[in-house]
Amino acid sequence: MPKKSASNAKATKAKKAKKAKPGLARAMKAPKLKPPRSWTPEEVREAFSRFQKANPEPKGELEHLNPFTLLVAVVLSAQATDAGVNRATRALFATADTPQKMLALGEEKLRDYIRTIGLYRTKAKNVIALSEKLIRDFGGEVPRTRAEIESLPGAGRKTANVVLNMAYGEHTMAVDTHVFRVGNRTGLAPGKTPLEVELGLERVIPSEFMLHAHHWLILHGRYTCLARKPRCEVCLINDLCRWPEKTV
């Protein structure tokens with residue numbers, strides 16, 4: 001009688017195991033969770049009305065004197081805290097608050113001002129390069145379009161959105177780690193990337209709130225909707241939030 005092949009033997013063993021434990025395959029599969037219900041337009045309006053009532057004129061926490069120093073501060077803030085950037089830039093901006101003065105300062109001296117900030121060598125190089133480009137291509141002025149700002153060394157989409165919003169009053173949504181977390185955790189604008197969250201927030205937030213919306217969300221993520229221990233008990237929008245693990 002011919003011997004069973006190795007493949008046939010494995011198949012027989014698998015069938016026996018399946019008969020012995022019929023629920024095993026189902027247990028190995030991750031449960032499909034029902035996605036949270038989307039916010040209604042009325043709920044979104046209610047949330048931002050509460051933010052507005054609690055803080056009618058929210059301010060960014062990066063200290064700056066003009067559009068140029070704002071641009072520099074945002075570039076320096078990548079992977080750094082606003083407080084740490086402010087400590088370094090107070091003396092820097094007293095000396096160099098224009099592209100021309102920054103260029104005259106030079107990369108080596110600039111490094112001395114910002115060496116307490118992470119990645120300071122690369123950032124110093126970028127700040128000098130963007131100062132050169134501003135002088136050469138934009139008459140020493142910070143441009144007013146996202147594409148032009150993104151063309152500057154060290155400046156990405158988030159930088160452009162911050163500058164356009166804070167310096168020029170544009171209705172842009174800058175998505176940092178705080179906004180990304182709040183958008184996803186609350187279910188307000190879930191997304192796998194910052195761009196998805198940005199576009200989602202722009203779709204749902206009423207225009208009347210967009211000027212200050214990114215500041216409200218940043219502050220909410222920084223001081224209330226914390227990464228590790230969110231303070232749900234004092235959250236202004238805890239009754240609207242879709243997070244299944246909220247503590248209220």
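A pocket is an open set of grid points with protein on both sides within 12 Å along at least five of seven lines, and its lining residues have an atom within 4 Å of a point. In this predicted model, the largest pocket is lined by 36 residues, of which S77, A80, D82, K158 and D176 lie nearest its centre. The chain has 13 helices and 0 strands, and 41% of its 248 residues count as buried.

**Overall fold**

- From the N terminus on, the order of elements is α-α-α-α-α-α-α-α-α-α-α-α-α.
- Among contacts in the chain with a separation of 6 or more, 59% are between residues 24 or more positions apart.

**Largest pocket**

- The space in the largest pocket comes to about 730 Å³.
- Helices α4, α5, α8, α10, α11 (177–185) and α13 each supply at least two residues of the lining of this pocket.
- By class, the lining of the largest pocket divides into 15 nonpolar, 13 polar and 8 charged residues.

**Helix α4**

- Helix α4 spans residues 67–76 and is mostly covered, with 9 of its 10 residues buried.
- The buried residues in α4 are F68, T69, L70, L71, V72, A73, V74, V75 and L76.
- The cover over the buried residues of α4 includes α5, α6, α7, α8, α9 and α10.

**Nonpolar cores**

- In soluble globular proteins, nonpolar side chains tend to be buried together.
- The largest nonpolar core has 36 residues, and L71, L92, M102, L110, I114 and L134 touch the most other members.
- At least two residues of this core come from each of α4, α5 (82–95), α6 (99–105), α7 (107–114), α8 (120–138) and α10.
- Helix α4 gives the most to this core, with 8 residues.
- Leaving out residues up to four places away in sequence, L71 touches L130, L134, V142, I149, L152, T159 and V163.
- Another core, of 24 residues, lies apart from the largest one, and among its members are V44, A47, F209 and A213.

**Helix α10**

- Helix α10 covers residues 157–168, and its 12 residues reach 15 Å from the first C-alpha to the last, close to the 16 Å expected at 1.5 Å a residue.
- T159, A160, N161, V162, V163, L164, N165 and Y168 are the buried residues of α10.
- These buried residues pack against α4, α9 (146–150), α12 (194–204) and α13 (210–223).
- Two of the buried residues of α10, T159 and V163, are touched by L71.
- After α10 comes G169, whose phi is positive, near 70 degrees.

**Cavity**

- Rolling a probe the size of a water molecule over the atoms shows where empty space is left.
- The count comes to 1 cavity of 30 Å³ or more.
- About 110 Å³ of space lies in the largest cavity.
- Thirteen residues line the largest cavity, and C225, P230, C232, C235 and C241 lie nearest its centre.
- The lining of the largest cavity has 6 nonpolar, 4 polar and 3 charged residues.

**Where the topics meet**

Conventions:
Residues are numbered from 1 along each chain as its sequence is written. This is a predicted model: local features need pLDDT of at least 70, side-chain atom pairs count only at pLDDT 80 or more; totals for chains, interfaces and linings use all residues. Side-chain values use heavy atoms; hydrogens and water are left out. Helices (H or I, at least four residues) and strands (E, at least two) are DSSP runs, numbered from the N terminus. The expected span of a helix is 1.5 Å times one less than its number of residues. Buried means under 20% relative accessible area, exposed over 50%, partly exposed in between (1.4 Å probe, protein chains only). Contact means heavy atoms within 4.5 Å. A nonpolar core is a set of buried Ala, Val, Leu, Ile, Met, Phe, Trp, Tyr and Cys residues joined through side-chain atoms within 4.5 Å. On a 1 Å grid over the protein atoms alone, a cavity is a set of points where a 1.4 Å probe fits but cannot get out, and a pocket is an open set with protein on both sides within 12 Å along at least five of seven lines; lining residues have an atom within 4 Å of a point. Grid points are joined across faces, edges and corners, and a volume is the space filled by probe spheres set on the points. Ala, Val, Leu, Ile, Met, Phe, Trp, Tyr, Cys and Pro count as nonpolar, Asp, Glu, Lys and Arg as charged, and the others, Gly among them, as polar.
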